Amino acid sequence: MTHSDTDVIVIGLGPGGGEVASGLLAGGLDVVGVERELVGGECPYWGCIPSKMLVRAADALAEARRVPMLAGDAHVQADLAPVARRIREQATDDWDDAVAVARFEKAGGRFLRGSARVEDRARVRVGDEIVYARVGVVVATGARPVRPPIPGLDAAGYWTNREAIAAQGAPSSLLVLGGGAIGLELAQAFARFGTSVTVVEGADRVLPAEEPDASAVVAEALRADGVQVCTGRRAVSVATTDGQTETTLDDGTVLGTEKLLVAVGRRPDARGLGLEHYGLEGPAVPVDSRMRAAPGLWAVGDVTGGGAFTHLAVHQARIAVADILGREPVEAADAPLPRVTFVDPEVGSVGLTEAAARAAGLRVLVGCAPVAASARGFVHGPGTAGLVKLVVDAGRGLLVGATAVGPAGGEVIGMLALAVHARIPIRTLRSMILAYPTFHRGVLDAFAALEQE
């Protein structure tokens, strides 16, 4: 057993933990970083980056299939191999983090590979080494896919997003349990590569956290890609028969597919860390506005339970770094959280949905306009399904929520996220001059609809 000390121990070197470590190193502190899997975390190896590479490739297939409606003729032969090779070689280094580890060490950090366990406040064990933290400990262990308690699931075997991203070829058929962002992005992508896909969602609509208008547009787009969408259904058992995975739903339907993808959510992952020494039980680590979980303990990212988004983890990391270094945080912990589901059409959203705003007791005005009715939507033609929806607090004259669904929904939401974050009055937003013809100019159509309320 060896003993050492440092200023700060960072447990988990994903986007949040990595940002904390680099910020503290730049601030002159000694840092020990601990990672049991790959330095960089879920995002660069199995999440944000490789999944969007897959989506990009699938979207290219869809656009090529629209050529006969726009520009002549095209023959498309789908092949997953090129994007699988791009993910393996360009994004993940074949799931090797040697470059990331070297970058961390070059910045001055000391790296330990293994599972960390707190043995007492400020004392952490990693394998045969015990490290004492003079300043404190930062937990950034992320989240894990939820494994639903379905009889036969483990015996039959299933994919999570990791196996789907690492696939070298498209399966002939795929059942996706879960109609959230991860499930739908992968469902649509594989469908465009020729897989027969069925999505089963327990709620009464896909993307249940988004506006119902957005759910309806996306469900129709999925069906247009050949995806069978089953909502209000749940899997009750799974078995393997003749090389196929057979999933039985609660209405008695039996679906046989080559692969089963479970994408029913992610859960904070702090159990087994020994945080009971700080009076915490887990699995999530609750924090205050400065990311403090207890004296000498901070937490950032998915493990806090605030949302599984890389941009949120980095935002929280900057707050934690400022607090540890004794600086005043620039970022506000409660800033509105934008999010994007990278299906086609993209779904970008920020702030409150209409239902949430009404539940909060606000006097709500809603403006909604279809993308296809805008000038850019008309020019774009095929593939232009979508809408812009604005949720306004009429009492204060402020935009409190927005949704942009369309070919550039994730980009259009940027200006609306700024408006919600900065509390820009509606009268000011209406006075803007927006370039023509652009997708973001469709926001003016939503303003016009708002005036008719």
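User: How many aromatic pairs does a search of the whole structure find?

Analyst: Two. Rings of Phe, Tyr and Trp (its six-membered ring) pair if their centres lie within 6.5 Å; planes under 30 degrees apart count as stacked, over 60 as edge-to-face and the rest as tilted. This is a predicted model: local features need pLDDT of at least 70, side-chain atom pairs pLDDT 80 or more, while totals for chains, interfaces and linings use all residues. Residues are numbered from 1 along each chain as its sequence is written, and side-chain values use heavy atoms, without hydrogens or water.

User: Why is the pair of Tyr 45 and Trp 46 tilted?

Analyst: The ring centres are 5.9 Å apart and the planes are at 50°, so the pair counts as tilted.

User: Is Tyr 45 buried or exposed?

Analyst: Buried, at 6% relative accessibility. Buried means under 20% relative accessible area, exposed over 50%, partly exposed in between (1.4 Å probe, protein chains only). Trp 46 is buried too, at 11%.

User: Which residues form the other pair?

Analyst: Trp 159 and Phe 190, tilted, with 5.9 Å centre to centre and 45° between the planes. Both are buried.

User: Switching to helices, how do the axes of α3 and α5 cross?

Analyst: Helix α3 (residues 48-65) and helix α5 (residues 81-91) have axes that come within 10 Å and cross at roughly 150°. Axes are lines fitted to C-alpha atoms over the stretch in contact, with angles from 0 to 180 degrees between N-to-C directions. Helices are DSSP runs (H or I, at least four residues), numbered from the N terminus.

Terms used. Helix = DSSP H or I, 4+ residues; strand = E, 2+ residues; numbered from the N terminus.
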